[in-house]
Amino acid sequence: MMGPSHALSGAAVWLSGSLALDYFADYEQSPLALAVGTAVCAGGALFPDLDLSGKVTRNRGGATVARTFGVVSLFAAEVIEKVSLGVYYATKLSKDPRRNNGHRTLTHTIPFTVLVGWGTTWLCATYGKWAVIGILFFMIGLALRGLFDKWAERAGWVIVTLVSAGAAWFTYANLPGDRGYPLIGLAVGVGCFVHILGDLITRAGVPILWPIPIKRRMWMPIRLPSKIALRTGSKTEVVVLRSIMTAVAVLSAVGLVAPSVLERFPTDL
């Protein structure tokens, strides 16, 4: 699945999940908290693809998300890709094939998702202000790159970096810590999990059951049958799937925000 589809799926899942919590559990979020959670979840839904590196010194290649912050994020992607490949070879079994890159290995597993979600929460709770600002900066940047990919490509990584930094600082200054901070870790974890599910419905699949060995393979890709699996970049993904996710996101946002807006204009009927 392509980057914009991943980011949009993260936003749609967070908004629809927030609507469900508001309706069934009476868990209300401020518009800012809702926007932050949506952006972080959208960014988290792109984070696993930082295992696809490119040519760092020439700022070429790699996943779309790897170019978010220019050469810096490309270098980070190369490090993550090499670590993922190392874990693959350290844990592979006899039937696992040889690989020359670590894409769709470690970062596309449930343990990684849990670790990233828990780690984000721990960083925010332990180091406070600067950890929160740094995480928000990074995730908002990924979200901008995914949700507004055409704009981000035209604007360049410097503008994306500056916008991300400003948005992160503003968010930290206005987001209540008692309920806002714990949601950051949850949003990152949910976003990563949504990414895995998105790749699971493609023809390549993901090793979502790692580290459970299956038929002498530790990295068995789990996928839909070829006849119904999604082809990356196809019209089904770009037109149909994105249209559905956009509708879900917009309707959920309206359902969440409209009541609070209407409460400001009470009317007697």
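The model is predicted. Its largest nonpolar core has 42 residues, and helix H5 gives the most to this core. Helix H5 also packs against helix H7, with axes that come within 8 Å. A cis peptide bond joins Trp210 and Pro211.

**Nonpolar cores**

- The largest nonpolar core is made of 42 residues, and those with the most contacts inside it are Val40, Phe47, Leu136, Met139 and Ile184.
- At least two residues of this core come from each of these helices: H1 (3-24), H2 (31-44), H3 (71-91), H4 (110-127), H5 (129-147), H7 (157-174) and H8 (177-200).
- Helix H5 gives the most, with nine residues.
- Met139 is in contact with Ala39, Val40, Gly43, Gly44, Phe47 and Val188, leaving aside its neighbours within four places in sequence.
- There is also a second, separate core of seven residues, which includes Ala12, Leu15, Leu34 and Met245.

**Helices H5 and H7**

- Two packed helices are described by the angle between their axes and the distance between the axes.
- The axes of H5 and H7 cross at roughly 135° and come within 8 Å.
- H5 and H7 are therefore oblique to each other.
- The crossing in which H5 passes H7 is right-handed.
- On the H5 side, the contact is made by Lys129, Trp130, Val132, Ile133, Leu136, Phe137, Ile140, Gly141 and Leu144.
- On the H7 side, the contact is made by Val160, Thr161, Val163, Ser164, Ala165, Ala167, Ala168, Trp169, Thr171 and Tyr172.
- Sorted by class, the residues in the contact of H5 with H7 are 14 nonpolar, four polar and one charged.

**Helices H1 and H2**

- The axes of H1 and H2 are 7 Å apart, and the two helices pack at an angle of about 145°.
- H1 passes H2 in a crossing that is right-handed.
- H1 contributes Ala7, Gly10, Ala11, Trp14, Leu15 and Ser18 to the contact, and H2 contributes Leu34, Gly37, Thr38, Cys41 and Ala42.
- By class, this contact of H1 with H2 has seven nonpolar and four polar residues, and no charged residues.
- Leu15 of H1 and Leu34 of H2 take part in this contact, and both are included in the second core.

**Backbone features**

- Most residues other than glycine have a negative phi, and most peptide bonds are trans.
- The peptide bond between Trp210 and Pro211 is cis, with omega about 10°.
- Pro211 lies in the loop between H8 and helix H9 (235-262).
- Lys215 lies in the loop between H8 and H9, and its phi is positive, about 50°, although it is not a glycine.
- Is Lys215 buried or exposed? Lys215 counts as exposed, because its relative accessibility is 71% and the exposed class is over 50%.
- Arg104 has a phi near 60°, a positive value in a residue other than glycine, and it lies in the loop between H3 and H4.
- Arg104 is buried, because its relative accessible area is 15% and buried means under 20%.

- Gly191 lies in helix H8 and is buried, with a relative accessible area of 0%.
- Leaving aside its neighbours within four places in sequence, Gly191 is in contact with Cys41, Gly44 and Ala45.
- Gly191 and Thr236 are 45 residues apart along the chain, and their C-alpha atoms are separated by 22 Å.
- Ala143 is in helix H5 and is buried, with a relative accessible area of 5%.
- The contacts of Ala143, leaving aside its neighbours within four places in sequence, are with Ala39, Ala42, Gly43 and Phe148.
- From C-alpha to C-alpha, Ala143 and Thr91 are 32 Å apart in space, and they are 52 residues apart in sequence.
- Gly166 is found in helix H7 and counts as partly exposed, at 39% relative accessibility.
- Gly166 and Phe137 are 29 residues apart in sequence and 8.2 Å apart in space, C-alpha to C-alpha.

Definitions and conventions. Residues are numbered from 1 along each chain as its sequence is written. This is a predicted model: local features need pLDDT of at least 70, side-chain atom pairs count only at pLDDT 80 or more; totals for chains, interfaces and linings use all residues. Side-chain values use heavy atoms; hydrogens and water are left out. A nonpolar core is a set of buried Ala, Val, Leu, Ile, Met, Phe, Trp, Tyr and Cys residues joined through side-chain atoms within 4.5 Å. Buried means under 20% relative accessible area, exposed over 50%, partly exposed in between (1.4 Å probe, protein chains only). Helices (H or I, at least four residues) and strands (E, at least two) are DSSP runs, numbered from the N terminus. Contact means heavy atoms within 4.5 Å. Axes are lines fitted to C-alpha atoms, for helices over the stretch in contact, and angles run from 0 to 180 degrees between N-to-C directions. Angles under 35 degrees count as roughly parallel, over 145 as roughly antiparallel, 65 to 115 as roughly perpendicular and the rest as oblique. A crossing is left-handed if the near helix is turned anticlockwise from the far one by less than a right angle, and right-handed if clockwise. Ala, Val, Leu, Ile, Met, Phe, Trp, Tyr, Cys and Pro count as nonpolar, Asp, Glu, Lys and Arg as charged, and the others, Gly among them, as polar.
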